[in-house]
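Hi,

Here is the model I promised to pass on.

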Amino acid sequence: MHIGVIGATGTIGGRVVTEAVERGHRVTAFSRDAARVTERREGVEWRSVDVLDADSVAGVLPGLDVLVSGFQPGNAAADFEETVRRSIAEPTLYATAARALLKALESHPRTRLIVIGGAGSLEIAPGVVRADSDALLHETLDGLGLPRAYAAAVRGHRDALDVLRLSNRLWTYFSPAEEIAPGERTGRFRVGGDQPVLDAEGRSRISVEDAAVALVDEAELPRFVQRRFTVGY
């Protein structure tokens, strides 16, 4: 299988590249400026792409079976605080990127798209979504150590999901657990749909490594086409 990964230098995107290569897949890793990427390894080709430009994305789609987009404003792996700042300042970019990706797929309708989004749009109770409530969002952001202004970015991710839900393309939206950080690759987790997966302590959590496992699992064996899914321990 040929898998493309946008945001391949990022925290999750980089793990998706590693996971896909270790499973024997061919990977094209995309960055805003591939010429600046010094890492080179067997099975990975680096190319530049502008995820906000549908023509740029369409130009790299030939030959891809699945395109995984880990787009975010900035690179959290390199500068987390700068990414948070830009995400707050430019929250509409998530929906803009979703529209560009879907537009690009018009010329390649058989290519599947997996968008890595946010957890704030998960339904924590019947009809209750954190992204719709300042109080709920602020409580969560306080617990995660993020500024309350980051609520704008959370809603930006939700808006991108809404864009995808209006499309008949082969899209999948991935909401990671609320708590996600580098850790251990266990390969043992539970998969959910529109509600968070909680552990015995009531926490929604996953390692970045296991999130990558879930993403490549979905690339290999699609279960959530035109749907959202999430994972957790």
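**What I found**

Helix α4 lies across β1, β4 and β5, and runs at about 170° to β5. Here contact means heavy atoms within 4.5 Å, and angles run from 0 to 180 degrees between N-to-C directions, with axes fitted to C-alpha atoms, for helices over the stretch in contact. Helices (H or I, at least four residues) and strands (E, at least two) are DSSP runs, numbered from the N terminus.

Before you dig in: this is a predicted model, where local features need pLDDT of at least 70 and side-chain atom pairs count only at pLDDT 80 or more, while totals for chains, interfaces and linings use all residues. Residues are numbered from 1 along each chain as its sequence is written, and side-chain values use heavy atoms, with hydrogens and water left out.

Now the sheet. It is open, has eight strands in the order β3-β2-β1-β4-β5-β8-β12-β10, and its pairing is mixed (two strands pair if DSSP finds at least two bridges between them). β3 (44-48) and β10 (190-192) are the edge strands with a single partner each, so one side of each has no neighbour in the sheet. On average, neighbouring strands are turned by 25° against each other, direction ignored.

Strand β4 (residues 66-69) is covered on both faces: V66 and V68 on one side, L67 and S69 on the other, are all buried (under 20% relative accessible area, with a 1.4 Å probe and protein chains only; exposed is over 50%, partly exposed in between). β4 runs parallel to strand β1 (residues 2-6), joined by four bridges, and V66 is the bridge partner of I3. β4 also pairs in the parallel sense with strand β5 (residues 112-116), again over four bridges, with S69 opposite V115.

Among the residues in contact are Y94 and R99 of α4 and H157 and D159 of α6. By class, this contact has eight nonpolar, two polar and two charged residues (Ala, Val, Leu, Ile, Met, Phe, Trp, Tyr, Cys and Pro count as nonpolar, Asp, Glu, Lys and Arg as charged, and the others, Gly among them, as polar).

Cheers
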